[in-house]
Amino acid sequence: MDHRSPVERILRALALIAIVVFFMFPIFWIVLMSLQTNETILRSPPSMSFVPTLKNYAAIISGELDSNAGTMSIHFMNNLLNSILLSVFSVALALLLGVPAAYAFARHKFRGSEDIAFTLLSFRFAPPLLVLLPLTLYFQALGLANTYLGLVWVYQLICLPLILWIVRGYFEDISPDIEHAYRIAGHGWFATFKKIALPLAGPGIAAAGLLAFIFAWNNFVFALVLASADKQPVTVGALAFVTASGIQYGQIAAAIVMSIAPTLLLALWAQRYLVEGLSLGAVKG
Amino acid sequence: MSVQADMPVLRRSSRLSRTLLPYLLSLPALLVCIGILIPFVTAIYYSLQRYRMSQPWNRGMNWGENYLNFFTDSDFWNTLKVSLVYAGLTVGIELVLGLAIALLLQRRSRVNNFVSIMLLMPLMTAPALAALMFKLMTNPNFGILSYFMQLIGFQDFRWASSPDTALLTVILVDVWVYTPFIMILLLAGLRSLPTQPFEAAALDGVPRLEQFWRITLPMLSPYILTAALFRLLDSIQQFDIIYAMTQGGPGNRLMVFQVEAYLNFFQSTNVGRSAALLMILWAITYALSNVFVKNWLRLRERAKGGA
């Protein structure tokens with residue numbers, strides 16, 4: 001089958017290697033940095049030979065960081081916990097609200113349904129600060145400023161449209177005849193929804209939930225605007241870290257590695273679902 | 001066929017609940033969204049006001065003045081220019097690179113699968129954190145990229161801290177994070193193309209370069225358009241990468257819309273100008289998103305029809 005010349009095959013192989021190096025090198029390098037002391041990081045020229053140490057990770061976990069000015073107390077684990085809480089609850093709420101709505105949009109062409117669905121989708125594309133900046137003033141008045149509840153609500157801005165539109169596509173793919181048959185057998189709509197529609201759309205719901213989790217985890221601007229230090233997720237926490245004076249570079253790298261590891265591992269574990277969700281429904285299965 | 005016959009019975013028994021049901025199902029989602037629409041309307045209102053948080057006594061409607069001022073405001077034109085250049089360059093580079101990689105990985109093989117999974121990693125990295133990673137890598141004291149630049153003869157290449165190279169640096173981060181997205185979409189597109197035209201062309205001895213221009217590219221164009229519009233929508237609003245890297249600096253070299261609006265709001269507390277800036281950005285994205293949604297729905301229909 002392969003009628004390519006040897007020269008072409010070598011060029012292809014070189015191109016593939018270049019691609020992998022370009023896209024993997026930053027992650028690889030940050031992991032290497034996180035395993036080094038400041039002395040080996042600052043060596044010139046940089047070298048890959050060093051005795052790996054886990055001291056940076058230990059410092060991050062204990063919250064006692066070494067800096068030029070002695071020991072500093074920065075609780076990055078708190079940021080990590082915030083990221084987990086915000087992402088999990090945002091996705092859970094978005095699924096709870098979004099899946100029934102997606103079902104309604106897919107099954108019933110009720111008056112205004114297309115307009116509502118488009119309005120929801122347009123949230124995904126509107127500049128987030130347009131909503132966030134006025135919201136800071138409302139949140140202060142409502143007492144929602146710097147609360148998990150307020151943040152989880154705002155995270156619906158990204159999670160809800162995603163779930164609604166991906167899951168809707170999956171519900172539309174299920175033939176209504178199956179549901180009719182089940183209903184004629186004497187079951188109510190809720191039983192039909194639970195026993196037929198939900199399981200059949202299961203993979204789509206999983207893909208949408210996964211993507212929503214990753215986008216929530218990676219979000220930066222919501223918490224930057226609405227949360228103060230004790231509620232900030234890793235994305236905002238890490239920035240404060242870098243700008244804080246004199247923290248050891250290896251410890252910064254360790255914090256970054258711990259912040260990106262969850263989404264990267266999740267992606268490796270569920271890459272098939274992810275590709276399906278990311279290709280915007282242009283490909284199925 | 002018995003399904004058809006039994007349907008009226010079903011409909012009569014629960015007429016009311018059937019008309020109400022879809023509304024009830026989508027109501028919670030709608031309520032949450034109304035909560036989001038209210039601040040949006042507030043933003044429009046603010047954009048028509050003279051409103052500085054530092055001068056509450058001076059607050060009042062000035063109608064279109066915030067917008068009119070933009071015409072003579074060189075900062076605004078700088079913001080518009082930087083945003084458009086950033087969006088244009090990132091999406092352009094990502095399209096070319098993404099298409100090249102997708103073509104390279106088109107055939108299903110173990111190596112190609114491995115490479116495409118590896119390419120998911122940058123896309124899964126939070127853009128703000130990716131910017132911080134590159135910030136460490138371009139540190140003048142120990143940054144590996146600064147060292148590489150030295151090796152190829154650029155002494156003192158200052159990346160994001162120099163006005164000449166700041167744009168290049170943030171574009172590099174954007175390309176690193178988002179090229180895989182375009183690659184995934186185009187790879188899905190390439191693999192779904194029918195094979196007959198290519199077989200016919202190969203039989204006729206059409207050179208492969210010509211096959212690419214004459215067959216692949218035209219057939220792939222709906223995917224390319226969808227990917228480009230989607231990325232353009234995101235890129236013109238880029239905030240995370242630029243804010244984490246330089247907060248819009250050095251000077252106002254990277255002052256894109258959202259960074260400028262953020263700093264206007266929180267630093268100079270000029271709420272009116274900030275809101276007006278965001279409204280202009282919103283108008284751009286709204287126009288773009290309408291074109292995008294049309295293309296996207298057509299693409300989805302096509303994918304369904306082909307399956």
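Helices here are DSSP runs of H or I with at least four residues, strands are runs of E with at least two, and both are numbered from the N terminus. With that in hand, T269(B) sits in the loop between α12 and α13 (271–306) of chain B.

A quick word on provenance. This is a predicted model, where local features need pLDDT of at least 70, side-chain atom pairs count only at pLDDT 80 or more, and totals for chains, interfaces and linings use all residues. Residues are numbered from 1 along each chain as its sequence is written, while chains are lettered from A and ligands numbered from 1 in the order in which they are written.

**Chain A overall**

Chain A has 14 helices and two strands. Its radius of gyration, taken over C-alpha atoms, is 24 Å, whereas a compact globule of 285 residues would come in near 19 Å (the rule being 2.2 Å times the number of residues to the power 0.38). Along the principal axes, the C-alpha atoms fill a box of roughly 75 × 70 × 30 Å.

As for burial, 45% of the 285 residues of chain A count as buried. That label needs 20 or more other C-beta atoms within 10 Å of the residue's own; 12 or fewer makes a residue exposed, anything in between is partly exposed, and the C-beta atoms are placed from the backbone.

D156(B) belongs to the loop between α7 (144–151) and α8 (166–192) of chain B. There's also a cis peptide bond, running from G249(B) to P250(B), with omega near -5°. P250(B) itself is in the loop between α11 (240–245) and α12 (257–266) of chain B.

**Where the chains meet**

The contact takes 82 residues from chain A and 76 from chain B. On the chain B side, helix α2 (residues 15–47) gives the largest share, 17 residues. By class, that side has 59 nonpolar, 13 polar and four charged residues, with Ala, Val, Leu, Ile, Met, Phe, Trp, Tyr, Cys and Pro counted as nonpolar, Asp, Glu, Lys and Arg as charged, and the others, Gly among them, as polar.

Notes
Two residues are in contact if their C-beta atoms, placed from the backbone, lie within 7 Å.
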